[in-house]
Amino acid sequence: MMAQPARPLVVGITGASGSIIARELVEALLERDTPVVVVASNAARMVWQEELDESYNSAVARWAEQPHFSTHAITDLFAPIASGTYPTAGMIIAPASMNAVASLAHGLTPNLLLRAADVTIKENRRLTLIPRETPLHAVHLENLLTLSRLGATILPPEPPFYLKPLDMDGVVRFVVQRALVASGVTDGLPDDMQYRDRER
Ligand SMILES: Cc1cc2nc3c(=O)[nH]c(=O)nc-3n(C[C@H](O)[C@H](O)[C@H](O)COP(=O)(O)O)c2cc1C
């Protein structure tokens with residue numbers, strides 16, 4: 001019998017601050033030879049340019065050299081990931097804007113990213129959100145609660161203060177590793193990211 005190809009993980013990138021998390025996430029998945037389908041919103045492209053000093057398109061050109069990478073335009077509602085019949089390993093939205101969180105919490109799917117996320121929920125597949133906003137008001141919190149109750153993992157990009165990360169890169173790597181565990185790509189965190197009893 002022929003082996004089934006690995007199901008791709010969908011990565012949605014929205015226009016919240018934290019483009020670096022999306023970049024690290026996609027690169028970590030490609031390094032692991034995990035098939036990835038990436039969709040970015042128009043706002044995500046703007047924030048990417050602002051925060052990373054490179055265009056989103058140049059990142060896509062780099063990723064496109066890898067055999068396990070594919071992408072679709074945000075407007076492409078005919079892409080396979082818009083249908084529940086297309087098997088995926090779930091979806092991570094990193095970073096997740098409050099706009100995306102609100103849309104998903106209310107079943108609004110005007111573009112491919114939101115449609116793919118809605119499909120992930122309705123098909124009971126793993127959905128991991130890395131929401132980024134501060135402070136959060138009651139509507140943000142209610143929407144996140146709705147999505148949590150629908151089974152999504154809400155994974156705010158919090159620094160692991162107890163690991164004493166030295167810099168932003170350490171925090172980003174930690175958040176990405178947490179997302180890989182939450183979405184079932186890896187079994188657990190690397191040893192140096194696990195809390196251990198310290199010598200007192
Ligand atoms: C530089 C920049 C940073 C932003 N940061 C955030 C943020 O951290 N969280 C958020 O919810 N929206 C943030 N926004 C606003 C979103 O980009 C905006 O709400 C947009 O409509 C989201 O669209 P999308 O959900 O289609 O990506 C930011 C916008 C810009 C330009």
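Okay, so β5, residues 127-131, and β6 pair in the parallel sense over two bridges, where pairing means that DSSP finds at least two bridges between the strands. Within that pair, T128 has T153 of β6 as its bridge partner. When I say strand or helix, I mean DSSP runs numbered from the N terminus: E over at least two residues for strands, H or I over at least four for helices.

Before I go on, this is a predicted model, where local features need pLDDT of at least 70 and side-chain atom pairs count only at pLDDT 80 or more, while totals for chains, interfaces and linings use all residues. Residues are numbered from 1 along each chain as its sequence is written.

Back to the sheet. That pair belongs to an open sheet of six strands, ordered β3-β2-β1-β4-β5-β6, with parallel pairing. The edges are β3 (69-71) and β6 (153-154), and each pairs on one side only. Helix α1, residues 19-31, packs on the sheet and touches β1 (9-13), β2 (36-40), β3, β4 (91-96) and β5. Contact here means C-beta atoms, placed from the backbone, within 7 Å. The direction of α1 makes about 155° with that of β4; the axes are lines fitted to C-alpha atoms, for helices over the stretch in contact, and angles run from 0 to 180 degrees between N-to-C directions.

Now, β2. It pairs with β1 in the parallel sense over five bridges, and V11 has V38 of β2 as its bridge partner. Five of the five residues of β2 are buried, so the strand is largely enclosed by the rest of the structure. On one side you have V36, V38 and A40, on the other V37 and V39, all buried. For the cut-offs: buried is 20 or more other C-beta atoms within 10 Å of a residue's own, exposed is 12 or fewer, partly exposed is in between, with C-beta atoms placed from the backbone.

What about the ligand? There are 16 residues around it, and the closest are T14, G15, A16, S41 and A43; the criterion is a C-beta atom, placed from the backbone, within 6 Å. α2 (42-52) and α4 (98-105) each supply at least two residues of that shell, and α2 gives the most, with five.

α4 also has a buried side: A100, V101, S103, L104 and A105 are buried, and the buried residues of this helix pack against β4, α5 (112-122), β5 and α6 (138-149). After α4 comes G107, with a positive phi near 70°.

A cis peptide bond joins A94 and P95, with omega about -15°, and P95 sits in strand β4. Another cis peptide bond joins T134 and P135, omega about -10°; P135 is in the loop between β5 and α6. Then there are positive phi values outside glycine. D33, in the loop between α1 and β2, has phi near 60°. Why does D33 count as exposed? Because it has 11 C-beta neighbours inside 10 Å. N124, in the loop between α5 and β5, has phi of about 55°.

Last, the whole chain. It has seven helices and six strands, and 40% of its 200 residues count as buried. Of the contacts with a separation of 6 or more, 78% come from residues 24 or more positions apart. The C-alpha atoms fill a box of roughly 60 × 45 × 35 Å along the principal axes.

Technical notes:
Contact = placed C-beta atoms within 7 Å.
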